[in-house]
Amino acid sequence: MSEVWQGFLRSDGRKGIRNTVAVAYLVECAHFVADEIVRNFRDAEVHLIGFPGCFPNDYAQKMMERLGTHPNVGAVLLVSLGCESFNRSKLASVIAASGRPVETLVIQKTGGSAATIDKGTALVRDMLDRIADVPRVDMGVSDLVVGTVCGGSDGTSGLSGNPAAGRTFDRLVAEGAACIFEETGELIGCEHIMAERAVTPELGAELKACVDKAARYYSVLGYGSFAAGNATGGLSTIEEKSLGAYVKSGDAPISGIIKPGDVPPKGGLYLMDVVPDGEVRFGFPNISDNAEIVEMIASGAHMTLFITGRGSVVGSAISPVIKICANPDTYRALAGDMDINAGAIIEGKQSLDDVAGEIYTRICATAAGTATASEALGHQEFILTYKSFDPIGPACLPTV
Amino acid sequence: MSAFLKLHRDDNVQVALRLVPRGARITSESGTFETQSDVAMAHKVADRPIAKGDLVIKYGMPIGTASEDIAPGAHVHVHNIVSRYTATHYRKEEAGLTDV
């Protein structure tokens, strides 16, 4: 028997599990002013997002449009300096077309920092009132989009946290949810076994091609997706890290490939191809874990499972993060930041299935409104940088 | 509960489930050996001789190539295996290498 809870029904028909006002800066020059507005709402669901660059970027524009119309977002305040290249009127019109309240403040036309902070604070207060009575609707697992990332991985990640998350993913997929796994740079070495899980041979070829692309991209950059702490925790090579990371995708057939901002067309398991297309430019594909989480959210993730061994403390703006700690020593050190202790598997105190069941229960509770550890602590990390992508190929998506 | 976990029958390394002291016993079909150094949780130990150039196998899959001969009971890590894809960057003093 699947769980049912009350979601937030948006006028575009999508269902959210949070009812957030997003305050978005459209260039770094507007970041401080937007942040000051958000700080006036410490105890309300008001989250800061934004893009720091002054040069235009199609990827960033698409990401901000998807984030501004995310099912967990009820209303949006845009904060612009005024002379940046970001297309603020297009962003505002996309959000307005989704039926959400949206306002734009241009600092250069509003009288500077103090006046914009005052005006923005009043606008957010008004938005919170306007979205307070958004219609509620029955929502279940089959309505969910759930992402998974791993960060601060160590040798325990592939033994406990990741395989437990993989079993949870199998159950979510079987119940009709859309599940997304990612970081093709951390699937290097797994491409052949992964391709065998594709629902069509054409999709299998695309899966291999996007891992090949990641291997080429990272070899030009000279670094794999491998941090110093991975070695401290017992991982020796990128392919060892990859094999441990890959198991969080579970055993379900792979239904498709999406790129950041593409929303899965129906339930199933999807790989997100996060490595840019074309020649190497703009630097590393995702400069830190939150960049991956933001891309999951832009693709509609209501929440993200974050499996860590070394110990991460992050949450995210817009969508809750459930932190699953793979390492029992790390869990003891950082228990206040963790939602699930998968380290109990390493110590022989719980089975993979026990912990997978615990993760599933936590997903349903989070969807019904219970705060995760990072939400309760007030975490709202957000990062968005430059990238460029070609559209996904014709073999990448299942027919709806 | 044993201190070491063998993840796949084809593996030539086993994984420490807790901090294992030097001189602890590790057993495989190749014999019983003693760990040659302290081994931190989730680090790997060879459970048979691995020759320079051999593949190191974990999860039943290759995770790199031995860059030197590795004796059974030795810590298998960044100092004696290399990636077949991209080089591993690490800080030596923090890599958990108690035996170098």
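Predicted model: local features only at pLDDT ≥ 70, side-chain atom pairs only at ≥ 80, totals over all residues.
## Chain B: elements and size

Chain B has nine strands and zero helices. From the N terminus on, its elements run β-β-β-β-β-β-β-β-β. The radius of gyration of chain B is 12 Å, close to the 13 Å that the globule rule gives for 100 residues, so chain B is as compact as a globular protein of that length.

Taken along the principal axes, the C-alpha atoms of chain B fill a box of roughly 35 × 30 × 20 Å.

Chain B has 100 residues, and 49% of them count as buried. Take the contacts in chain B with a separation of 6 or more: 40% of them join residues 24 or more positions apart.

The accessible surface of chain B is about 4,900 Å². Carbon and sulfur atoms hold 49% of that surface. The chain carries 12 positive and 12 negative side chains. The centres of these two sets lie 3 Å apart.

## Helix H14 of chain A

Helix H14 of chain A spans residues 352-367, 16 residues in total. From its first C-alpha to its last it reaches 23 Å, close to the 22 Å expected at 1.5 Å a residue. Just after H14(A), A:Gly369 takes a positive phi of about 120 degrees.

Several residues of H14(A) are buried, among them A:Val355, A:Ile359, A:Tyr360, A:Ile363 and A:Cys364. What covers the buried residues of H14(A) includes strands E1 (4-9), E12 (303-308), E13 (321-325) and E14 (340-341) of chain A. Helices H6 (161-174) and H13 (343-346) of chain A also belong to this cover.

Key:
Residues numbered from 1 in each chain as written. Chains lettered and ligands numbered in written order. Heavy atoms only, no water. Helix = DSSP H or I, 4+ residues; strand = E, 2+ residues; numbered from the N terminus. Rg over C-alpha atoms; globule rule 2.2 N^0.38 Å. Buried < 20%, exposed > 50% of the residue type's maximum accessible area, 1.4 Å probe, protein only. Contact = heavy atoms within 4.5 Å. Areas by Shrake-Rupley, 256 points an atom, 1.4 Å probe, with all protein chains shown as cover. Lys, Arg positive; Asp, Glu negative; His and termini not counted. Charge placed at Lys NZ, Arg CZ, Asp CG, Glu CD. Expected span 1.5 Å × (residues − 1).
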